[in-house]
Amino acid sequence: MSLSTEKSTAKIAVRGLTMAYGSYVVMSDLNFDIQDKDIFVIMGGSGCGKSTLLRHMIGLLEPTKGSVHYEGANFTTASAEERARFIRRFGVMYQSGALWSSLTLAENIALPLEEFSALPPKVVRDLVSYKLSLVGLAGYEDFYPSQVSGGMNKRAGIARAMALDPDILFLDEPGAGLDPLSSHRLDDLILRLRDSLGSTVVIVTHELASIFSIANNAIFLDTETRTQGAVGNPTELRDHSGSPGVRRFLNRGIETAPLPNSPAHEP
Amino acid sequence: MVGAAVKNDKEACPPRAAWIQDADTAVLRLSGDWRREGPLPVVEGAVPAALPARYETADLGVFDSTLPAFLLARIRAVAGTEKPPLDGLPDNLRGLMDLALAVPEQGEARGPPAAASDLRKLGKLTMETGESVRLMSEFIGLSVLSVFRFVTGRARFRSTDFWLTLQECGIEALPIVSLISFLIGLILAFVGNVQLANFGANIFVADLVGIAMVREMGVVMTSIIMSGRTGAAFAAHLGSMKANEEIDALRTFGLNPFDFLVLPRLLALVLMLPLLTIYSNIIGILGGMLVGAAVGIPPVLYWTQTLIAINLTTASLGVFKSFFFAAAIAICGCLHGMHAGDSSAAVGQATTRAVVASITAIIVLDSLFATIFTLLEI
């Protein structure tokens, strides 16, 4: 397996990543580390490239420059077989839910279980019910994605992402479109998953409430400079960041002066 | 939306924007009622190169979005203005203008300008054609690899997907294939009979219908029906899966979307189209037989004559071709579905392209086969 030149102990390391659609550069020179068992948030204004960054991290898009490393191994330059091995350890929830529309919610969650394990049908059924219960959808097993609401699709998408108890969970705007109670439940679920299964969680979101209550590390993508505005603990960034743009974002547009004690994580 | 000071007199004043040169600064005097339903605004005075230093709005009546849109267009037309002066505007209008100007225009996000010269368009077309040929070749290659993986037992797909597709492009296609084939047989017999009756040789209608059906018409008509029915369905289904990120979801579970989605469809159609072709041939001959009976050829005689005309080689030609046509329909449908854009309009375009491409492929392949069979004297 090819190793990066600057080997890192981080779970995920992004090095000099530049993302572009043709000649339009979305973000350039992103550098950050995600440690094991982190709940890491990718935040920034809408349209700044948060989901694009996530897609680069899971290998759906190829970077123009730079690379993504998992546990020191270079994912960007890895061969198809090596990549497939990494991808097996991912659980991904897409912005739209992206459930397979010709399958019921239960079949959606069962499919990866059936493909990658030799469990008897009864065990698969129990696992599916358990995963659906975790996201508050017990009893909706036989509904098709088109028969339930957008928020429920999203929650089922999270249940599917958790199907194989992934090592790293990627969630693209999980809280958007959820009611406050479901949103709170979801935060709780993410914390519990991290604590009980030891998963590393990468979340794209701009829900400030969940950012402050669950994230221990975050990257802020700056639309104006088209690069990372800051990396660090969100609460510290809010109070101490040297960048007014970051403070404004995390204070819902209110201009504040940085509090004393300069942050440790500022790049 | 109506704002500003509402005047008591109900009489509508036409909207006016008058440029006034005051010392060395420009002043824009706005007056009248600015409404969508009202007359178009009248611009008076020479429009200066710079933005107005202030506005006069004493005579401004009611306004809707047309006024802020007019002002914003003027401000955007003068490049490089960070904070344009908005002095003199009423508070509500000023608030709207502040909001519209809060985030600077992202010029780069507009995308490249449309191709201008004919030469550039020709170049673009050439590159697009080259790209689609490359995509098609790549897709055929991937299909072959996928079939190879299937044969060696390494391809993964849901067997229910396969059986469902088999049903969709098999049994469910029978009614339309029956109707079309029967009518084609009927038409061939009618047309043939008119000509052959001139020579008193109308028994040879059986030869004509039989040979035409089993060599060409059966397989070509069935393939065209299937490309409109099944090929379009493949493209629409895969296209909407792509638009809905469902294909990405397969990929991030480490499942090969090609094996998972294309392979069962390809296999199902390659299995079913030859069977449908045989069925279509028989139904076409029955159609001819009906016309024969109507013009005085007894069905038994018609059937015997048909058996004399068609030998096993002739009968197998259509079925042989149907394997290739089936692969062409499945590949065109799946290719355009998998490469559809990410919107519902793109799914429609993908479906159209799939049907056009598969019908073209069928006819081109058929003429190729006709040439080869002629050279081989079959």
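In chain A, 6 strands make up an open sheet of mixed pairing, ordered S6-S7-S8-S3-S9-S10. S6 and S10 (227-232) of chain A are its edge strands; each has a single partner strand, so one side of each is left without a neighbour in the sheet. The model is predicted.

**Sheet of chain A**
- Direction ignored, neighbouring strands of this sheet are turned by 15° against each other on average.
- Strands S7 (residues 168-172) and S8 (residues 200-204) of chain A run parallel and are joined by 5 bridges.
- Within this pair, Phe170(A) stands opposite Val202(A) of S8(A).
- Helix H5 (residues 150-161) of chain A lies across S6 and S7 of chain A, and its direction is at about 175° to S6(A).

**Strands of chain B**
- Strand S1 (residues 16-22) of chain B runs antiparallel to strand S2 (residues 25-34) of chain B, with 7 bridges joining them.
- Ala18(B) has Arg29(B) opposite it in S2(B).
- The hairpin of S1(B) and S2(B) has 2 residues between the strands, and Ala23(B) takes a positive phi near 55° there.
- S1(B) is also joined by 3 bridges to strand S3 (residues 42-44) of chain B, and these two run parallel.
- Ala17(B) has Val43(B) as its bridge partner in S3(B).

**Contact between chains A and B**
- Chain A gives 15 residues to the contact and chain B gives 12 residues.
- On the side of chain A that touches chain B, the elements giving two or more residues are helix H2 (80-87), strand S6 (90-93) and helix H3 (105-116) of chain A.
- That side of chain A has 11 nonpolar, 2 polar and 2 charged residues.

Notes. Residues numbered from 1 in each chain as written. Chains lettered and ligands numbered in written order. Predicted model: local features only at pLDDT ≥ 70, side-chain atom pairs only at ≥ 80, totals over all residues. Contact = placed C-beta atoms within 7 Å. Helix = DSSP H or I, 4+ residues; strand = E, 2+ residues; numbered from the N terminus. Nonpolar A, V, L, I, M, F, W, Y, C, P; charged D, E, K, R; others polar. Pairing = 2+ DSSP bridges. Axes fitted to C-alpha atoms, helices over the stretch in contact; angles between N-to-C directions.
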